[in-house]
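These are my notes from an afternoon of looking through a structure.

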Amino acid sequence: MKRILTIFTKGLIIENPLLMLMIGLCSSVAVTSSVSNGIGMGLAMTFVITFAELVISLFRKLIPNDARIPIFIIVIAAFTTMVDLSMQAYFPALSKSMGVFIPLIVVNCIIMGRVEAFASKEKPLDAVIDALGMGLGYTWVLMGIAAVRELFGNGTILGLRIMPETYQPILFFILPPGGFMVFALFISFNLWLKKRVEAVSTVREAA
Amino acid sequence: MNLAKIFISALLIDNIVLMRFLALCPFIGMSTDVPKSVGMGLAVTFVTVLSTIVTWPLYHFVLIPLNLTFLKILVFILVIAALVQLVEFYLKKNAPGLYGSMGIYLALITTNCAILAVTFDNISKGFNLIESVVYAMGVALGFMLSLILLSGIRDRLKTAPIPKFLQGTPILFASTSLLAVAFMGFSGLIK
């Protein structure tokens with residue numbers, strides 16, 4: 001049980017794919033101008049990574065080592081196509097506002113990285129837990145960045161007005177430069193968080 | 001005239017890195033010095049143009065008549081991966097010097113999202129083949145331009161007094177943010 005918990009939680013802060021490993025960055029800045037986009041992208045990505053890790057972990061003994069990269073890509077592309085088509089059918093507005101970034105989940109290095117480093121070696125259950133942890137770690141960062149940008153850039157969160165009517169939106173946050181700046185602050189915040197978490201766990205181990 | 005418009009807008013106004021946030025991983029990872037940025041930029045330009053030349057006819061003359069357009073993600077990524085492999089083999093055999101200087105970047109290009117994005121853009125914007133190639137050139141050179149700019153900034157950052165909470169990666173994104181502000185100035189260039 002404890003092992004499963006460790007696998008799950010490492011994706012959240014200590015090995016957070018976006019803020020610590022610095023992979024899969026593109027979508028994190030691009031789709032976070034509103035919270036609903038952030039959630040949509042986070043869930044789409046979590047879906048793809050979970051099923052890709054599950055399938056590859058199930059077949060890990062059958063996949064020849066030399067041909068593994070193309071096989072991984074085909075599996076990931078198949079699930080991405082499913083997400084892309086379902087989103088176009090059921091959430092046309094969301095799918096339109098995210099545009100090319102849904103198909104680009106295929107080349108999201110987080111998925112490729114986890115499949116290569118984890119799913120191709122571990123048991124299916126562990127792989128799914130790892131995928132959920134990574135997906136959640138990705139989603140919380142996306143939602144966090146999107147919340148800051150939407151709040152200051154538009155005065156709303158999820159379309160609901162939070163700031164008073166007289167609040168003058170700071171356009172900077174919605175525009176591309178604001179995305180980079182908020183992302184920089186999130187990395188800085190996560191470094192601090194990681195230090196705290198590690199300090200707490202060393203104290204616990206000592207006790 | 002129209003072609004010039006497409007080129008300038010892909011190069012500066014909709015700069016792939018600074019305005020559309022694509023290809024951020026190589027942008028951060030490969031911008032440590034200027035020669036490296038130029039090498040990466042050239043390799044990306046080459047593969048982007050080549051994959052445009054292959055995917056555009058493939059989509060219009062194979063996938064559309066067969067009603068298989070929903071497979072485009074799968075097909076395009078495989079084309080790009082295969083092309084990168086072919087280019088790698090070809091260079092290794094016929095131009096070992098060039099391969100030595102470009103080799104390591106080539107392998108990384110398959111997962112460069114800018115290339116896949118360009119091939120999708122060509123379809124969704126309804127470009128013809130020549131427009132697509134010009135667009136691909138513009139995007140790829142825009143990538144190279146931003147890479148060179150950031151590597152220049154990184155040189156200066158080595159000796160600059162950086163606030164403690166921004167040290168390391170955060171300052172790179174903060175600088176990128178300022179670069180993006182500068183690039184927003186181009187937005188009025190084409191009406």
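**Conventions.** I worked from a predicted model, in which local features need pLDDT of at least 70 and side-chain atom pairs count only at pLDDT 80 or more, while totals for chains, interfaces and linings use all residues. Residues are numbered from 1 along each chain as its sequence is written, and chains are lettered from A and ligands numbered from 1 in the order in which they are written.

**Entry 1, the contact between chains.** I looked up where the chains touch and found 31 residues of chain B in contact with 32 residues of chain A, where contact requires C-beta atoms, placed from the backbone, to lie within 7 Å. On the side of chain B that touches chain A, two or more residues come from each of helix 2 (24-29), helix 4 (72-94), helix 6 (113-124) and helix 8 (169-184) of chain B; helices here are DSSP runs of H or I with at least four residues, and strands are runs of E with at least two, numbered from the N terminus. Which helix gives the most to that side? Helix 8 of chain B does, with 9 residues. I sorted this side of chain B by class and noted 25 nonpolar, 4 polar and 2 charged residues, with Ala, Val, Leu, Ile, Met, Phe, Trp, Tyr, Cys and Pro counted as nonpolar, Asp, Glu, Lys and Arg as charged, and the others, Gly among them, as polar.

Helix 4 of chain A has 23 residues and reaches 33 Å from its first C-alpha to its last, close to the 33 Å expected at 1.5 Å a residue; the expected span is 1.5 Å times one less than the number of residues. Its buried residues include A:Phe72, A:Ile76, A:Phe79 and A:Asp84, buried meaning that 20 or more other C-beta atoms lie within 10 Å of the residue's own, exposed 12 or fewer, and partly exposed in between.

Helix 3 (residues 35-58) and helix 7 of chain A pack at an angle of about 165 degrees, with their axes 8 Å apart; axes are lines fitted to C-alpha atoms, for helices over the stretch in contact, and angles run from 0 to 180 degrees between N-to-C directions. The two helices are therefore roughly antiparallel, a word for angles over 145 degrees, as roughly parallel is for those under 35. Their contact divides into 21 nonpolar, 8 polar and 3 charged residues. I also checked the length of helix 7 (residues 124-154) of chain A, whose 31 residues should span 45 Å and whose end C-alpha atoms are 43 Å apart, which agrees. Just after helix 7 of chain A, A:Gly155 takes a positive phi of about 80 degrees.

The axes of helix 1 (residues 2-13) and helix 7 (residues 129-157) of chain B come within 7 Å and cross at roughly 25 degrees, which makes the two roughly parallel. In this contact, residues of helix 1 of chain B including B:Leu3, B:Phe7 and B:Leu11 meet residues of helix 7 of chain B including B:Val134, B:Tyr135 and B:Gly138. By class, the contact has 11 nonpolar, 2 polar and 1 charged residues.

Are B:Phe21 and B:Asn67 buried or exposed? B:Phe21 counts as buried, with 26 C-beta neighbours inside 10 Å, whereas B:Asn67 has 8 and counts as exposed. B:Phe21 lies in the loop between helix 1 and helix 2 of chain B and has a positive phi near 60 degrees, though it is not a glycine. B:Asn67, in the loop between helix 3 (34-63) and helix 4 of chain B, has a positive phi of about 60 degrees and is likewise not a glycine. In chain A, A:Ala89 lies in helix 4 (residues 68-90) and counts as exposed, with 9 C-beta neighbours inside 10 Å.

Definitions and conventions. Parallel < 35°, antiparallel > 145°, perpendicular 65-115°, else oblique. Contact = placed C-beta atoms within 7 Å.
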